[in-house]
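Hello,

Here is the structure I promised to pass on. Please look it over, then read my notes below.

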Protein chains: 4
Amino acid sequence: MTDIAFQHPFDDDKLHEECGVFGVFGNVEAAALTALGLHALQHRGQEACGIVSFDNTQFHSHRSIGRVGDNFGDEAVIAGLAGHCAIGHNRYSTSGEPALRNVQPLFADLGHGGLAIAHNGNLTNAQTLRNELVSRGSIFQSTMDSEVIIHLTATSRQARIVDRLTDALRQVVGAYSLVVLTSKKLIGVRDPMGIRPLVLGRLDEAYILASETCALEIIGAEFVREIDPGEMVVVDEDGITSHRPFPTHPRRFCIFEHVYFARPDSIFDDRSVYEARKRIGAELAKESHAPADLVIPIPDSGTPAALGYAQQVGLPFELGIIRNHYIGRTFIEPTDQIRHLGVRLKHSANAPLVKGKRIVLVDDSIVRGTTSTKIVTMMREAGASEVHMRIASPPTAHSCYYGVDTPERSKLLAARYDLAEMARLIGVDTLAFVSIDGLYRAMGETSRNEGQPQYCDACFTGDYPLALVDRDGGQETQLSLLNERR
Amino acid sequence: MTDIAFQHPFDDDKLHEECGVFGVFGNVEAAALTALGLHALQHRGQEACGIVSFDNTQFHSHRSIGRVGDNFGDEAVIAGLAGHCAIGHNRYSTSGEPALRNVQPLFADLGHGGLAIAHNGNLTNAQTLRNELVSRGSIFQSTMDSEVIIHLTATSRQARIVDRLTDALRQVVGAYSLVVLTSKKLIGVRDPMGIRPLVLGRLDEAYILASETCALEIIGAEFVREIDPGEMVVVDEDGITSHRPFPTHPRRFCIFEHVYFARPDSIFDDRSVYEARKRIGAELAKESHAPADLVIPIPDSGTPAALGYAQQVGLPFELGIIRNHYIGRTFIEPTDQIRHLGVRLKHSANAPLVKGKRIVLVDDSIVRGTTSTKIVTMMREAGASEVHMRIASPPTAHSCYYGVDTPERSKLLAARYDLAEMARLIGVDTLAFVSIDGLYRAMGETSRNEGQPQYCDACFTGDYPLALVDRDGGQETQLSLLNERR
Amino acid sequence: MTDIAFQHPFDDDKLHEECGVFGVFGNVEAAALTALGLHALQHRGQEACGIVSFDNTQFHSHRSIGRVGDNFGDEAVIAGLAGHCAIGHNRYSTSGEPALRNVQPLFADLGHGGLAIAHNGNLTNAQTLRNELVSRGSIFQSTMDSEVIIHLTATSRQARIVDRLTDALRQVVGAYSLVVLTSKKLIGVRDPMGIRPLVLGRLDEAYILASETCALEIIGAEFVREIDPGEMVVVDEDGITSHRPFPTHPRRFCIFEHVYFARPDSIFDDRSVYEARKRIGAELAKESHAPADLVIPIPDSGTPAALGYAQQVGLPFELGIIRNHYIGRTFIEPTDQIRHLGVRLKHSANAPLVKGKRIVLVDDSIVRGTTSTKIVTMMREAGASEVHMRIASPPTAHSCYYGVDTPERSKLLAARYDLAEMARLIGVDTLAFVSIDGLYRAMGETSRNEGQPQYCDACFTGDYPLALVDRDGGQETQLSLLNERR
Amino acid sequence: MTDIAFQHPFDDDKLHEECGVFGVFGNVEAAALTALGLHALQHRGQEACGIVSFDNTQFHSHRSIGRVGDNFGDEAVIAGLAGHCAIGHNRYSTSGEPALRNVQPLFADLGHGGLAIAHNGNLTNAQTLRNELVSRGSIFQSTMDSEVIIHLTATSRQARIVDRLTDALRQVVGAYSLVVLTSKKLIGVRDPMGIRPLVLGRLDEAYILASETCALEIIGAEFVREIDPGEMVVVDEDGITSHRPFPTHPRRFCIFEHVYFARPDSIFDDRSVYEARKRIGAELAKESHAPADLVIPIPDSGTPAALGYAQQVGLPFELGIIRNHYIGRTFIEPTDQIRHLGVRLKHSANAPLVKGKRIVLVDDSIVRGTTSTKIVTMMREAGASEVHMRIASPPTAHSCYYGVDTPERSKLLAARYDLAEMARLIGVDTLAFVSIDGLYRAMGETSRNEGQPQYCDACFTGDYPLALVDRDGGQETQLSLLNERR
């Protein structure tokens, strides 16, 4: 899901996955399992989280700003979320629109029963659809694109909930992995290109849906399979059924899930993310190694690629940068004089190690380049004699419209500068990115299939597989904005 | 407004007005004036309050659980509610449904602009309408009857907002005094019988709408007139216009506003509420005085009637009961042994005064009788030799469906017992209520016009002027209840 | 107790009693009884409150900013205050020093056992003693004068706790009613002149100490007697004993307790406070009645005197001013334009009543005159044709140093202006105060005994019965101030 | 500092450093620098933190439960801590005694000026001294051993503050690194054996004191030198002076600082902690390598030793365990069924990596063994064919009394079982600890000097360099415990 009406300030120099989703049907501890699943998916969204359960009579909801452990660690909260089925959602979000109304799962009373929905992805025609719905009398509660789906479902002329949801989804364009809970069913749907992930698991009699396999692991559930692109699975008392209500498209899974978003112990397409990252590091080393003494990861996201790189070239892998994990969300550098310390709140140099050494710094990606610049300065001040930066993805030169929080294109370093300029700005002796074909090789492909790419790689190539309806139609936000304060 | 889905536990032995409303158009301090108006109307609802303003670009909203002074006393909150027009709402509410989503004003983005609404009253066909709306795809945000009005307005086929609102109100049955804010207009509407109050005021160039005149007084506004039953007034940049879109009904103003709800310094129909209460007390004394030494009010609501009573019979008016105004909402009597102290947390006997005296206790009404019983016991323990209770309203024997929080009929003392039984249960030597005609005489009428009563007095007579559609149609709440926790 | 180091801003135009104290020994619900007693004494201090109990093993403490009902209404809080004995304290306080460290009861571990103390009054040599104690190594936790007592007790060379406390109190000068709890005893002490009140009660086997009899009433305890000036009572498992460790002084009870501080249903010296106030009103009427139509109290404190006045002169007593009891502590008038509304947040005129009438306004006292001025303006705007103000105490022209929060003398209206000037400033047609002898007559005395006044009336006469050591010795606060933030 | 009166429950299977201290003299941003320094020292205590500053007139204090970033990230908080000098403290603490009164820095008004103190370490005769002080009339505010120092200073007969503090410290036995702030001076003191660390830095004209060099790095300060064992440095407007008021002892720095407590980028004795840990890993590999396919650290504390181990034996270093850094303090496993998931909330297996592999797990230490057991089970379930655990410290078989939070000896795995039993309980194929001499070799020594060990290693050897006065004197806590609730 994304927020239609508000700009996303960028509080960190990384792309951010917008959401994680989870659902369970058929376990008496449904809400507790969902809380654990969301905890395992915390890296996909740390701003807010919510769970909706159904106890055969009533839906229960608890949604909060903050992390899963802080909000669902209390036994009384879990006890309040009664029922044998539940869905949950993690949100990555922003300072622009802090309201609780934008925390998922969304819920609606549809007359024949309630409907709760959790969405990972982004719809590219949400504003267009919203304008139509509002003109026909629908009243929106939030500024989320995802709410369009719930209103399309509510106003569908179809009788059965599965048909109404299908009817709704046929009207949307975009990336979505949905987990839906009704009074009788748990439904999982993945958009026709399978851009965002969704996996199916099993724990005894219960079925589980989750964004990543690591959320199955934490509860001891067995991994069954991925939901296919364009597939809708419906779980109820009679078991699980699979539907294919949408036209077939070739799969275009988001390659950035392998590069950065997913947890290293997750598996997609039978590929371990950890191994994929190590292979990218190895490809990177093959393509562009520079003579050096040490290979140093930028922690934590650059670590697997750095290991792969170091093993490929036979150099020592060393912790030249110490990450401070105690940094809270709220630490504001207090004064101007101190603001320049910046990155040291999160990272510090292991100065005795790097002094006088030629180092290779390995990171997963460069977005705006601000963090890279600070880290290189820090390494130079710690005495590194040469600094070579190696990036385990191609240059990120295009915005994502499919559920990833990217800065405007004009803020992307690689959209503004060529390689030499980037190296100079960041302050490194040499800079190299893995090639797009190197990235595909690390995924086990021979190369990128230019006619029909095997992944969505629009952030690297600008090749957008799905129409950008709102953007290209000049759709402006026309909400009578309500600025809600509490 | 009332809550459709939840039972109202009764935390006090009084009937409770459900709401107060306020609106202002044309003053740069619109939100500050609204906060003051709501403060003056605090007696109409103390559970929650909210203000929505419009600054020609954006609507601003602040809604909170608690009282006006606690939520709108902060200059920053008022500063955030920018604009020259604003509406506000006080809510009396309940422990059953604590959610902020049920705090008014309600807001909706209607496509051509935003709409905020504050409602005092209750719709008797809200559930029926809600079921129809939901079946056509409307998604409700709250469990309040008032939300029906906003969805009917949203789905109206009319073009202009005034026509859409009129269209909506033609479908509802019930009592309502509404204050509505759009991006261009402030609208006030009173239901065709004028059951709930709504007055118009003026402060320099600005127009004011309020439940009672005391809310005009606090901001130094001039009282212009009451809104007529069935009238809709529309204030915009061009001034004020009056509309009569509904069929004419004879006026049936709630007589309990005079008995208890309204503030004594308010004026309805050119009648001072304080004087009305004193006259009721005088009528009561004429009808049923008992020989005694002192007249003692049950504070604070019985005080004006007790003064009228004492002046009529020429006995000393004395403060025989001291009220503790520091009692918070949250004082729970801590243990069983102490629970019997009950009423003393709020009231204590002025024992030196009453010892050995024959006293007349005057109260405005008896609902369940629990407080009366405790107070009589307290007076006896303080040494009163005789206790005569006089009630400045007829027996409350019927529930209200027009916006007043009443217990189920079976909980109403006067619905279960005759006068002698009530006297025995309460423990008084004698008990008397003012007669229904005595009450009308105090209002300046000769008597109640049985064919066409001059007021709504259904709580005394069971004579309901408006159809009880949901109740009589057996409408059950059919919400897919979402039990939201935070 | 008072705060040595901080100026007390004056947030209301009344003098304020600084504290209420309560103690119980010998009841299994000691903490619950204490909470109720403090609730009944809430008028003596609303800023903060605390309870310390002892369960034969451990002391338990709960101290909070805010009122009793808000802090001790929770059953879990009371359950945490285990034990059969407890003491409690209400504090009236100030914005200057909000810290919890200044909330009583104070507690210290004295080596042979713990000691908790609650103090009503003020020591006039506290700073002098504090400076000496600090120079010998005592470390103070608070800025309260009362803490001196606890350090003097801690450093006493006496062996037994009663002797150590006596030793301490022999060194202090000032007004104090103390309630002290040790691991074995409940101790009550009143200063040698008995300036502040302290009463003894009994509830079954338990002994109770309280500032006023109304705190006995609320728990159904029997009033035994007042603690005598200079008396120390000690309650333990063996019963109660009385000690007279201090030189004898004639009694000088604070007459302002009768005028304003105490609750009307309390009794001192066999005199009902309510009756005393009515008699002051009657004396006032005898001394200075003006022809008028109505007698109107300034609620709530002027009400008994107004009743006495009206009964004396045979005029109607009417509620011409409506008080809004919903005013919170936190309502800040939001903007300049609105600030002039001032008093209307608390009081509003009953305009229909006073229009065209000659009125007598009765209040208990005038401090700075700001509220009086606003109320008179309000009455004039409501149409009163003449406004006569009658004050049920002599002019308040001197500061109190014995436990009452008074503004600096230069802020006291009566210290700056004569009667005619005051009348003009307040805006009344006539103004009169009861004479000092009238006040003493209302107390049952023939007149004030000039050689040996029967009460402390320093605020009216400047006749201070106890030396003002710190003030006259030029003692400055010399604390190394710690400005604690949370 | 430690808490005298309460048991420390052990919420994690690690020893915990109790505190970090920091001080600055001579910079206009003293409080902001202190906040940053405390942030860099967050690993030394995460429960609470506080800063006291002095602005030449007044001391300012802000102390809070929680982490530095959450409490000192707000510019307004820093702005409130005015002055050019400040000290700060991080506390590791416990659920037993949550009170804010136990958060440092401690403050006292000493008559001639204020004194604030922050303490890392633990006094072994605190209870003995406290009992004496209380018997002479000192009143303690907290249950911290550190408060003894402040009372000894307050009651000293010496005139100058430096002499009073020296006088106080001559009476205490134990480990302490103190940072003290007066109205004129910043003082740093290290106990005569230098058990806890304290370093001196310089930032332009300002002097800095800190527990570790990493706190100098974060603010860009230059490392000057360590404070010597038994040295007192005094910084004031005239510069810095060094004093040696205590008898000389050979240095016995805590070796566990190198093993686990200190941050890897800190330097003690010219030794990089990171390098020391790598060398321990290498020694461990030399002493007890087992044939395996992969070396896997238990993150994060085992990582440097695992790198050293892997480099020594030439095996791949791989991330076989993924740590979830989002785990909050408050995540309580919600239900019994789920509780067995335990360690997975923090750690998860990288199953594709370890499946079928023989692995060496490297950790820094074993305390109770609970986490080790869970991790081994997790590795087995992930398919590891052999699990060999290697520990980069000798068996932890003795409690620490010098400022480290250790469980009772009976809870220490190594105090109860021999190596074979431990291996069986943990479930590994083989288990080995580095030898005590191996550990000393890694520190650059030939071996442990048995007659005069170069470090304090009492937790491994039971050889306590300082008398355990309270423990051996049978000193019981004799506080009249006040159980304070808020």
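**What I found**

A:Cys254 touches A:Ile195, A:Arg196, A:Tyr455 and A:Cys456, leaving out residues up to four places away in sequence. Touching, or being in contact, means that the C-beta atoms of two residues, placed from the backbone, lie within 7 Å.

First, the ground rules. This is a predicted model, in which local features need pLDDT of at least 70 and side-chain atom pairs count only at pLDDT 80 or more, while totals for chains, interfaces and linings use all residues. Residues are numbered from 1 along each chain as its sequence is written, and chains are lettered from A and ligands numbered from 1 in the order in which they are written.

**Annotated cysteines**

A:Cys254 lies in strand β15 (residues 253-254) of chain A. Helices (H or I, at least four residues) and strands (E, at least two) are DSSP runs, numbered from the N terminus. A:Cys254 is buried, with 27 other C-beta atoms within 10 Å. The cut-offs: buried takes 20 or more other C-beta atoms within 10 Å of the residue's own, exposed 12 or fewer, and partly exposed is in between, with C-beta atoms placed from the backbone.

UniProt, in an unreviewed entry, puts the feature "binding site" at A:Cys254, A:Cys400, A:Cys456 and A:Cys459. These four spread over 206 residues of sequence, yet they cluster in space, with a largest C-alpha distance of 10.3 Å. UniProt positions are in the numbering used here, feature names are shortened, and annotations may be inferred rather than shown by experiment.

A:Cys459 sits in helix α17 (residues 458-461) of chain A. A:Cys459 counts as buried because 29 C-beta neighbours lie inside 10 Å. Neighbours within four places in sequence aside, A:Cys459 is in contact with A:Phe256, A:Thr396, A:His398, A:Cys400 and A:Thr406.

The unreviewed UniProt entry also places an "active site" at A:Cys19. A:Cys19 is in strand β2 (residues 19-25) of chain A. Buried or exposed? A:Cys19 is buried, with 29 other C-beta atoms within 10 Å.

**Domains of chain A**

Chain A divides into domain 1 (16-251) and domain 2 (272-325 + 340-445). The bounds come from an automatic or database domain assignment. The domain centres, taken over C-alpha atoms, are 35 Å apart. Twelve residues of domain 1 of chain A contact five residues of domain 2 of chain A. On the domain 1 side, β1 (16-17), β7 (114-123) and β8 (174-182) of chain A each give two or more residues. β7(A) gives the most, with three residues. By class, the domain 1 side has three nonpolar, six polar and three charged residues. Nonpolar means Ala, Val, Leu, Ile, Met, Phe, Trp, Tyr, Cys and Pro; charged means Asp, Glu, Lys and Arg; the others, Gly among them, are polar.

**Chains B and C**

A rotation of 179° with 0.1 Å of shift along its axis superposes chain B on chain C (RMSD 0.1 Å). The two copies are thus related as by a two-fold rotation axis. In chain B, the C-alpha nearest the axis belongs to B:His325, 3.5 Å from it. Superposition is by least squares on the C-alpha atoms of residues with pLDDT of at least 70 in both copies.

In the interface, 54 residues of chain B contact 53 residues of chain C. Helix α1 (residues 30-40) of chain B gives the most to the chain B side, with four residues. That side has 27 nonpolar, 17 polar and ten charged residues. Of the interface residues of chain B, 98% are also interface residues in chain C, so the copies meet through the same surface.

**A covered helix in chain D**

Helix α5 (residues 147-155) of chain D is mostly covered, with eight of its nine residues buried. The cover over the buried residues of α5(D) includes β6 (106-109), β7 (114-123), α4 (126-135) and α6 (161-171) of chain D.

**Backbone points to check**

Most residues other than glycine have a negative phi, and most peptide bonds are trans. B:Gln104 and B:Pro105 are joined by a cis peptide bond, with omega about 0°. B:Pro105 lies in the loop between β5 (85-91) and β6 (106-109) of chain B. Another cis peptide bond joins B:Pro299 and B:Asp300, with omega about -5°.

A:Asp204 has a positive phi, near 55°. A:Asp204 is exposed, with 9 other C-beta atoms within 10 Å.

Best wishes
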